[in-house]
Amino acid sequence: MIEVRFHGRGGQGAVTAANILAEAAFLEGKYVQAFPFFGVERRGAPVTAFTRIDEKPIRIKTQIYEPDIVVVLDPSLLETVDVTAGLKEGGIVIVNTEKSRDEVLAKLKKKPAKLALVDATGIALEILGLPITNTSILGAFAKATGIVKIESVETAIKETFSGELGEKNAKAAREAFEKTVVHEL
Amino acid sequence: MPKKVVSGNYAAAYAAKHARVEVVAAYPITPQTSIIEKIAEFIANGEAEIQYVPVESEHSAMAACIGASAAGARAFTATSAQGLALMHEMLHWASGARLPIVMVDVNRAMAPPWSVWDDQTDSLAQRDTGWMQFYAENNQEVYDGVLMAFKVAEHRKVNLPVMVIESAFILSHTYDIVDMPPQEEIDGFLPPREPLYTLTDFDNPTAVGALATPADYYEFRYKIAMAMEEAKKVIREVGKEFGERFGRDYSQMIELYKADDADFIFMGMGSLMGTVKEAVDVLRKEGYKVGAAKVRWFRPFPREELYELAKNVEGIAVLDRNFSFGQEGILFNEAKGVLYNTDAKPIMKNYIVGLGGRDLTVSDIRAIARNMKEIIERGRLDREVEWYHLKR
């Protein structure tokens, strides 16, 4: 079973990202589960959301304490939240940032096995006109992990957002997929 | 219809739509809100023909469902915690008038202190209202539960309302895969309601909610008691038919997991039993002969199935995500009561877990298993009721 934790700020769509990832994996025949942190969310405050992906039905109903993959939607969270808390050995961290590999690594309390970086905010502003990074970061997820295909991410996005909005968000994911740089550490 | 990735609340809304409910009256409350929002969306999009009655409170929501059901309609509502408590008077009214209303209650802790998280005390506090209660482990069971609930409730030998219960957030806001059969297959399983009497049958006028003097009231109560007993047969038949049609069998009111050769079992209700099954697999690998018993239907209470199970195990760890102040966990209390006049005497211990959404993990269940094993080896309890998570 793969366990993924998303870090975002209320309003950026971390919960939607977790749901779209589940949908994309489901389209590939996997068993999935996606849920928000059961807390008290407010716009702008740090939030987390989770996705589980497995080859067999998922019965466990607990929160995720030791993720395999961490996805950071907002670069400023690296300053205030320990995003690698509980990250498994061999884990992957995916960050929306304009900063370099070494600058990001300096902020992480635990060194992951793989670090993927992409300027998802820049891509979202260019394509959507809004700094909502939940769809572009999923393009980075597909590139960094190979757990879901970018085509499945695009389809899941278009199922979630209809019409032009879906097309634009799928384009943002594709753009991020192309631009994501993956560092093996 | 194929499988969909939906939240527990959306599973409930789809089930209401696929059950072709005719009237929905509801008042929003966290974490129930997205059920009735989704139903409102179905209506707005023209996907469902449902009379939606906006009301000013949960008490009125149930009152509107009672009116609709008495007029012959298939009526549905949903609520949580304080909203369910506010409905309390009308819950008795619905069952007393023998109306097959179905409601989803999203289990939420009662305030104060305020909490929107999972806790079974809200629904269990309504156990004596004459409503049947079905507890769902996952989103699929929320969906299946609503469809079966209407069929059981509307059965001519039953005519009583059903509460289908799901966990706050752990199911209500968690996305999971739900298999939804094609509408025509659901229609085959659940045909339109055929009420025995309706307020709108003007050729055969009836009085509903009349006075019963001491000469008659007692027999009215007995008839409800008998209908609840009859409901056990109906539940098993409907659960079996559901399995034959859709591949998911619900003929057992208590679902057993690896219980056949178990020395002791975990017993509980609702979503926490998914995690318990995971823990059972881990414990089996560690050499523990354990199993699980998920009580699906709490009302009517599956006395016979519990007895059959209890005869064959040395111990039962009852996990209650609820508490009756001044007594103990509610499932524990009921299960002990059922076994008192039988020859089944397993050691039973009550673990109070997960109140107000406290997470119950696989490692918690392993710790409980170690404690149970010690108790069984020693042959006596350390204490009868343990507040498992207390900060020490």
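In which sense do strands β5 and β7 of chain B pair, and over how many bridges? They run parallel: β5(B), residues 102-107, and β7(B), residues 162-167, are joined over six bridges. Within that pairing, Asp105(B) sits opposite Ile165(B) of β7(B). Bear in mind that this is a predicted model.

**The seven-stranded sheet of chain B**

Zooming out from that pair, β5(B) and β7(B) belong to an open sheet of seven strands in chain B, ordered β3-β2-β4-β5-β7-β6-β12, and the pairing is mixed. At the edges are β3(B), residues 51-54, and β12(B), residues 297-299; each has a single partner strand, so one side of each is left without a neighbour in the sheet. From one strand to the next, the twist averages 20°. Helix α6(B), residues 139-154, lies across β5(B), β6(B) and β7(B), and runs at about 170° to β7(B).

Helix α3(B) is worth a look too. This helix covers residues 58-70, and its 13 residues reach 18 Å from the first C-alpha to the last, close to the 18 Å expected at 1.5 Å a residue. Its buried residues include Glu58(B), Met62(B), Cys65(B) and Ile66(B), along with Ser69(B) and several alanines, among them Ala61(B) and Ala64(B). What covers them? The cover of the buried residues of α3(B) includes β2(B), β3(B), β4(B) and helix α4(B), residues 81-96. Just past the end of α3(B), Gly72(B) adopts a positive phi of about 105°.

**The six-stranded sheet of chain B**

Chain B also has an open sheet of six strands, in the order β9-β11-β10-β13-β14-β15, again with mixed pairing. Its edge strands, β9(B) at 254-257 and β15(B) at 385-387, each pair on one side only. Here the twist from one strand to the next averages 20°. At the β15(B) end, β14(B), residues 347-352, pairs with β15(B) in the parallel sense over three bridges, and Asn350(B) faces Val385(B) across that pairing.

Helix α9(B), residues 272-285, touches β9(B), β10(B), β11(B) and β13(B), and its direction makes about 170° with that of β11(B). Helix α11(B), residues 330-340, touches β10(B), β11(B), β13(B) and β14(B), with an angle of about 145° to the direction of β13(B).

| Helix | Residues | Strand for the angle | Angle |
|---|---|---|---|
| α6(B) | 139-154 | β7(B) | about 170° |
| α9(B) | 272-285 | β11(B) | about 170° |
| α11(B) | 330-340 | β13(B) | about 145° |

**Chain A as a whole**

On to the other chain. Chain A holds seven helices and seven strands, and along the sequence they follow the pattern β-α-β-β-β-α-β-α-β-α-α-α-α-β. The radius of gyration of chain A is 15 Å, close to the 16 Å that the globule rule gives for 185 residues, so chain A is as compact as a globular protein of that length. The C-alpha trace of chain A spans about 40 × 40 × 35 Å along its principal axes. Of the 185 residues in chain A, 52% are buried. Among contacts between residues at least 6 apart in sequence, 63% in chain A join residues at least 24 apart.

As for annotation, an unreviewed UniProt entry places the feature "domain: Pyruvate/ketoisovalerate oxidoreductase catalytic" at residues 10-178 of chain A. Over that stretch the chain is 43% helix and 17% strand, and its end C-alpha atoms lie 27 Å apart.

**Where the chains meet**

How many residues of chain A are in contact with chain B? The count is 16 residues of chain A against 19 residues of chain B. On the chain A side, helix α1(A), residues 14-27, and strand β2(A) each supply at least two residues. Of the elements there, β2(A) gives the most, with six residues.

So what does β2(A) pair with? Within chain A, six bridges join β2(A) to β3(A), residues 46-54, and the two run antiparallel; Ala34(A) has Thr51(A) as its bridge partner in β3(A). Across to the other chain, two bridges link β2(A) to β8(B), residues 175-179, also antiparallel, and Gln33(A) stands opposite Asp176(B) there. Five of the six residues of β2(A), which covers 31-36, are buried, so this strand is largely enclosed by the rest of the structure.

Terms used: Residues numbered from 1 in each chain as written. Chains lettered and ligands numbered in written order. Predicted model: local features only at pLDDT ≥ 70, side-chain atom pairs only at ≥ 80, totals over all residues. UniProt positions renumbered as here; feature names shortened; annotations may be inferred. Helix = DSSP H or I, 4+ residues; strand = E, 2+ residues; numbered from the N terminus. Pairing = 2+ DSSP bridges. Axes fitted to C-alpha atoms, helices over the stretch in contact; angles between N-to-C directions. Contact = placed C-beta atoms within 7 Å. Buried ≥ 20, exposed ≤ 12 C-beta atoms within 10 Å, placed from the backbone. Expected span 1.5 Å × (residues − 1). Rg over C-alpha atoms; globule rule 2.2 N^0.38 Å.
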